[in-house]
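Here is a friendly walk through one structure, from its sheet to the helices around it. Please keep the sequence and the 3D view at hand as you read.

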Amino acid sequence: MIRGWSWRTPGETLSQMPTLSYDALVIGGGLAGASAAFALHRRGLKVLLCEGEAGLARKASGNSCGLVIPYVTDRPSVFERTYSRGFAFTRNLLMSELSSANLFSESGAIQLPSTRRLARLLAGEDSLFEGQGVRRVCATEASALAGTKIEKDAFYLPLAGYVDPRMLVSTLAHPGVDVMSRTTVSELRRQANSWIALAQSSGPIESAIVVICGAYESRALPCAAMLPLEPVRGQTLLVEQTEESARLKTLICFDGYVTPASKGQHLVGTHYRHNDPSSEPIVQDSEDILERCRNWAPALFSADAAPSSTRVCFRTSTVDRLPYVGMLPDFFGMSRAAASYQPGTDVGSKVPLAPLPGLYISVGHGSRGLVSCPMAGEIIARLATHEPLGDLAEVASILNPARLSSRILTAIRG
């Protein structure tokens with residue numbers, strides 16, 4: 001097994017190092033990468049998972065708790081189709097194939113109307129989507145379900161729950177998957193019917209299948225550099241439980257969230273900042289998060305409550321707030337073809353989509369990665385092994401990275 005070491009010896013150059021051979025190479029050791037590695041390995045493939053950090057789940061997947069909640073809506077949309085299917089897929093995985101690991105805490109959740117969309121849904125009379133048990137509840141019932149006073153009418157999500165993402169990643173990247181930490185793939189070269197991955201800390205890696213799951217850092221690879229991705233700074237807090245907060249039985253979701261106490265602490269999050277690269281905690285953000293919590297559930301934390309620790313991480317967002325999952329298009333080849341047309345031409349209708357053979361991507365999962373990543377890994381495994389997409393065909397079409405090819409080509413041409 002390969003666990004966090006490389007083959008390079010002192011003074012040895014990349015060209016002198018032996019080439020490693022795998023059926024599938026997954027780049028990125030967070031939830032997206034571990035999910036893809038798990039889905040490929042369970043089909044009998046020899047899989048290598050490469051991570052640039054010192055271990056798995058060190059970035060956005062490294063929070064102590066993550067929410068598995070359904071998408072609340074009363075009408076079909078690409079978000080409903082994606083996240084309802086993803087929620088069912090993740091929940092089934094946790095409660096069936098991974099049930100022996102005891103990862104999932106099925107607490108239910110109180111979802112408060114913290115956005116205009118949710119407020120409209122709460123005030124409406126149309127039935128909410130069936131199959132996930134979501135229903136409207138008054139403030140009194142919400143308080144009884146949560147175990148603490150809730151100020152507003154809300155939605156109750158009985159099938160929701162939470163996991164420790166670090167434990168989930170560790171379980172998915174089980175001993176059957178080879179893992180190399182401190183290994184950043186800097187270049188991918190196409191050679192015959194396979195890919196050659198180059199990294200400073202290892203020898204060349206040859207693989208017929210490559211899956212890029214490096215979140216925003218995926219753009220460092222030239223083949224993915226044209227994908228419109230944005231890092232979004234998030235800040236979460238651990239807060240010591242109080243006599244009142246220890247009674248909390250469900251997740252509470254608002255323009256943030258708070259979990260039931262675990263080992264005497266609640267995870268409270270999150271404060272998002274776009275276009276902010278700061279990796280240091282911001283005191284005002286912590287105060288804002290706690291104030292939002294008090295607005296919806298005033299009895300949980302006192303005005304002088306303070307975090308015992310604070311964590312900053314960066315999620316990856318896309319322009320349409322849906323992940324990119326599937327075969328990666330050859331954007332460079334497409335841009336060269338588009339250059340032959342006159343300015344103003346609708347190149348998107350004239351330049352054929354050309355996927356890069358054997359190269360897949362799973363990025364842009366934002367704040368719903370626990371719902372979308374396991375399903376994304378399964379989609380990629382089915383595509384890579386030429387299995388029918390079956391029940392995931394519609395979602396695979398929605399999340400196809402080629403959906404933005406016209407926009408990317410137009411941006412390239414200015």
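## The sheet and its helices

Eight strands form an open sheet with mixed pairing, in the order β5-β6-β4-β13-β14-β15-β12-β16. The edge positions belong to β5 (135–137) and β16 (309–318), each with a single partner strand, so one side of each is left without a neighbour in the sheet. From one strand to the next, the twist averages 25°. Strands here are DSSP runs of E with at least two residues, helices are runs of H or I with at least four, and both are numbered from the N terminus. Two strands count as paired if DSSP finds at least two bridges between them.

Please bear in mind that this is a predicted model, in which local features need pLDDT of at least 70 and side-chain atom pairs count only at pLDDT 80 or more, while totals for chains, interfaces and linings use all residues. Residues are numbered from 1 along each chain as its sequence is written, and side-chain values use heavy atoms, with hydrogens and water left out.

Let's look at β6. Strand β4 (residues 109–111) runs antiparallel to strand β6 (residues 154–157), and three bridges join them. Ile 110 has Tyr 156 as its bridge partner in β6, and Ala 109 stands opposite Leu 157. β5 also pairs with β6 in the antiparallel sense, over three bridges, with Arg 136 opposite Phe 155.

Which residues cover the two faces of β6? Ala 154 and Tyr 156 lie on one side and Phe 155 and Leu 157 on the other, and all are buried. Buried means under 20% relative accessible area, against over 50% for exposed and partly exposed in between (1.4 Å probe, protein chains only).

Tyr 156 deserves a visit of its own. Its relative accessible area is 14%, so Tyr 156 is buried. Leaving aside residues up to four places away in sequence, Tyr 156 touches Ala 109, Ile 110, Gly 133, Val 134, Arg 135, Val 137 and Leu 145. Contact here means heavy atoms within 4.5 Å. Tyr 156 and Glu 130 are 26 residues apart in sequence, and their C-alpha atoms are 13 Å apart in space.

Helix α6 (residues 283–296) lies across β12 (229–240), β13 (251–254), β14 (256–258), β15 (265–274) and β16, at about 115° to β15. Axes are lines fitted to C-alpha atoms, for helices over the stretch in contact, and angles run from 0 to 180 degrees between N-to-C directions.

Two packed helices are described by the angle between their axes and the distance between the axes.

| Helix | Partner | Angle | Axis distance |
|---|---|---|---|
| α1 (residues 31–41) | α8 (residues 369–384) | about 40° | 8 Å |
| α2 (residues 78–95) | α8 | about 80° | 7 Å |

α1 and α8 are therefore oblique to each other, whereas α2 and α8 are roughly perpendicular. Angles under 35 degrees count as roughly parallel, over 145 as roughly antiparallel, 65 to 115 as roughly perpendicular and the rest as oblique.

What does α2 bring to its contact with α8? Among its residues are Tyr 83, Phe 87 and Leu 93, and they meet residues of α8 including Leu 370 and Met 375. By class, the contact of α2 with α8 divides into eight nonpolar, four polar and two charged residues. Ala, Val, Leu, Ile, Met, Phe, Trp, Tyr, Cys and Pro count as nonpolar, Asp, Glu, Lys and Arg as charged, and the others, Gly among them, as polar.
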